[in-house]
Amino acid sequence: MINWNKADELREDIGVDDFGEIVEVFLQEVEEELATLIDKPVAELPASMHFLKGSALNLGFEDFAEKCRQGERAANQIEISALLSCYNASKKQFLEKYQLD
């Protein structure tokens with residue numbers, strides 16, 4: 001679900017304090033974008049999926065990024081509930097491992 005090597009590498013590269021800030025910004029931006037998906041026209045979904053995919057890969061959210069990649073390729077087949085479920089499960093694991101709120 002999470003590429004822990006990628007996340008650990010980022011944490012080591014930027015430091016624990018900055019890592020917490022990066023995670024906070026990531027979560028905020030991703031959740032804002034996710035909240036808009038239900039009302040977006042299908043034509044706009046690939047751009048949203050591309051943004052979410054890139055953001056997810058930066059922190060190692062591999063399963064979520066893969067769902068976004070699939071949505072980017074087939075926007076009319078996106079299962080938003082499955083996307084949200086994957087994100088929430090990834091977020092929970094991530095925050096627990098790094099003891100972030």
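**A pocket, a core and a few residues worth a look**

Hi everyone, let's begin with the largest pocket, where helix H4 gives the most to the lining, with 3 residues. Before going on, a word on the model: it is predicted, so local features need pLDDT of at least 70 and side-chain atom pairs count only at pLDDT 80 or more, while totals for chains, interfaces and linings use all residues. Residues are numbered from 1 along each chain as its sequence is written, and side-chain values use heavy atoms, with hydrogens and water left out.

Helices here are DSSP runs of H or I, at least four residues long, numbered from the N terminus. H4 covers 62-73, and both H4 and H5 supply at least two residues of the pocket lining. A pocket is an open set of points on a 1 Å grid over the protein atoms alone, where a 1.4 Å probe fits, with protein on both sides within 12 Å along at least five of seven lines; lining residues have an atom within 4 Å of a point. The space in this one is about 170 Å³, a volume filled by probe spheres set on the points, which are joined across faces, edges and corners. Among the lining residues are Lys67, Gln70, Glu79 and Leu83.

Now to the inside. Which residues touch the most other members of the largest nonpolar core? Of its 27 residues, they are Leu34, Leu37, Leu52, Phe61, Phe64, Tyr87 and Phe94. H5 provides the largest share of this core, 7 residues. Such a core is a set of buried Ala, Val, Leu, Ile, Met, Phe, Trp, Tyr and Cys residues joined through side-chain atoms within 4.5 Å. Leaving out residues up to four places away in sequence, Phe94 touches several residues, including Trp4, Phe19 and Leu100; contact means heavy atoms within 4.5 Å.

Let's stay with H5, residues 80-98, where we find Ser90. Is Ser90 buried or exposed? Ser90 counts as buried because its relative accessibility is 0%; buried means under 20% relative accessible area, exposed over 50%, and partly exposed in between, with a 1.4 Å probe and protein chains only. The Ser90 side chain reaches the backbone oxygen of Cys86 at 2.9 Å. Beyond its neighbours within four places in sequence, Ser90 is in contact with Met1, Ile2, Phe61 and Phe64.

Last stop: Gln99, in the segment after H5. Gln99 counts as exposed, because its relative accessibility is 71%. Its phi is near 50°, a positive value in a residue other than glycine.

Note on methods
A polar contact is a pair of N or O atoms within 3.5 Å; within protein, one must be able to donate a hydrogen and the other to accept it, and residues adjacent in sequence count only if both atoms are side-chain atoms.
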